[in-house]
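Work through the exercises below with the sequence and the 3D structure in view. Try each task before reading its solution.

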Amino acid sequence: RALDFHRVARAVANRCHFPDPVVGKSHNLAILHDAGEFFLQLPLGILADRFGIRRVLALGCFVTALGSLVFGSAAGMPGIFLGRFLMGAGLAVPGMALQKLVAGWFENSRASTVIGIGCGIGSLGALLSQFPLTAWLHVATWRSIYFSFAAFTAAIGIATVLTMRNSPEDLAAHRERQKNRASSTPAGPSLRDILKNIAGTLANRRIWPVYFILFVQMGLYQVFASTWAVSYLERSFGLSGTQASAYTSCLMIGMMTASTLIGGVSDQLRSRKKVFLALYFCLALSWVLLTFFGEFIYASGVLWPVMLLLGVSATASQIGHAYVRDVTDPRFVGTSISCVSLINMLGGALAPVFCGIYMDSLEVKGFSGLALYRRAFTPLTVLAILSFAVVIFFIRETGCHNRWGEWQQAER
């Protein structure tokens, strides 16, 4: 999860307003970063299923390192754009890699606990990319810092190649090779089988509800936490930017804490659906309160826990990925997770755009302040409630075990 440092570091880098005129013009860097991550999701999932996660994770580290090197040494906009795109492409790996690696090494009933620990470590990487990185920028140039990023990430890639194995079977084969050089790494499924699985994943009716609820959850998160949370608090309640940021920090604390614990809770309960219900209840409740009872929750001091609940609900994708592991062929975890991640990212990309267009039209009609956000957030609140209903009626319980073979036989 060391690559999570890069994911969040871009925000600090952009806020610092580098004195270099080349970087000062690069206002489209975030789009290129996200584009690299989006377009490489599925190809990397296919490669992980075909050749093993060890090679793909190392590749992600090397591509990210190359992107940092290109970005740090760029003399013009083409180099800046290429570097940021490459960093985004490398960052398509970590989430899928963790799911695939844990699926190979741990029983399904314990996998989410281990993934939660990985997410917690990833959150530490995100924290290091905030204040410590800001302090570092005061004593070093941004170019030298990106060269350091490149060296560190390349070192992680080399360590991955030398020490990591895809599964216990892969480790046994490696030890056998060390003894007599006669064994080979267990072969993954063929490319033809992987491509067939993509169609099968998209056609798998058990995953369709997950596509919808994760699409909604990520869209709502990007609309509020990543786009309009601060302006909502400032324009609705007259808060300063610092005060509004304190509330959004509470949201981040809820998400980071829950991401570490939620997988273990699911494994202990032996239930995915119960955790889904709790998370989407938090999501629906938070949006109802923010949209229709904003003045009340602010005046009564309930806004803090509401923000905390909204942050907790943001971990739904973690349980969604666990559910996908439970209902798909174990050989194709990488491809299946990548397909779901694409839908997830699509929701996060589209929702702010359409919400922004709608808000612009409302401002033209004279809406402002809390009334503007109440009107703009109403359709999103309806989606939050609808996603909760989808969990109730369309998500089947897996008991934290892989049901793919069992349910396939039952449907024949």
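## Exercise 1: a residue in a loop

Thr315 sits in the loop between α16 (303-313) and α17. Helices here are DSSP runs (H or I, at least four residues), numbered from the N terminus. The model is a predicted one, where local features need pLDDT of at least 70, side-chain atom pairs count only at pLDDT 80 or more, and totals for chains, interfaces and linings use all residues. Residues are numbered from 1 along each chain as its sequence is written, and side-chain values use heavy atoms, with hydrogens and water left out.

Task: decide whether Thr315 is buried or exposed, and list what Thr315 touches.

Solution. Start with the cut-offs: buried means under 20% relative accessible area, exposed over 50%, and partly exposed in between (1.4 Å probe, protein chains only). Thr315 has a relative accessible area of 4%, so Thr315 is buried. Next, take contact as heavy atoms within 4.5 Å. Leaving aside residues up to four places away in sequence, Thr315 touches Met255, Ala258, Ser259, Ile262 and Leu279.

## Exercise 2: two packed helices

Task: describe how helix α12 (residues 208-237) and helix α17 (residues 316-327) cross.

Solution. Two packed helices are described by the angle between their axes and the distance between the axes. Axes are lines fitted to C-alpha atoms, for helices over the stretch in contact, and angles run from 0 to 180 degrees between N-to-C directions. The axes of α12 and α17 come within 10 Å and cross at roughly 165 degrees. Angles over 145 degrees count as roughly antiparallel. α12 and α17 are therefore roughly antiparallel to each other. Last, find the residues that meet: Val210, Leu214 and Gln217 in α12 are in contact with Ala316, Ser317, Gly320, Tyr323 and Val324 in α17.

## Exercise 3: the sides of a helix

Task: find which residues of α9 are buried.

Solution. Helix α9 (residues 142-163) has 22 residues. Its buried residues are Trp142, Ile145, Tyr146, Phe149, Ala150, Thr153, Gly157 and Thr160. They cover an arc of only 145 degrees around the axis, which puts them on the same side of α9; the arc is that of the directions from the helix axis to the C-beta atoms. The face turned away from this buried side carries the exposed residues Leu162 and Thr163.

## Exercise 4: positive phi

Solution. Arg270, in the loop between α13 (241-269) and α14 (273-292), has a positive phi of about 55 degrees although it is not a glycine. Cys400, in the loop between α19 (369-394) and α20 (404-411), has a positive phi near 65 degrees.

Note on methods. Expected span 1.5 Å × (residues − 1). Parallel < 35°, antiparallel > 145°, perpendicular 65-115°, else oblique.
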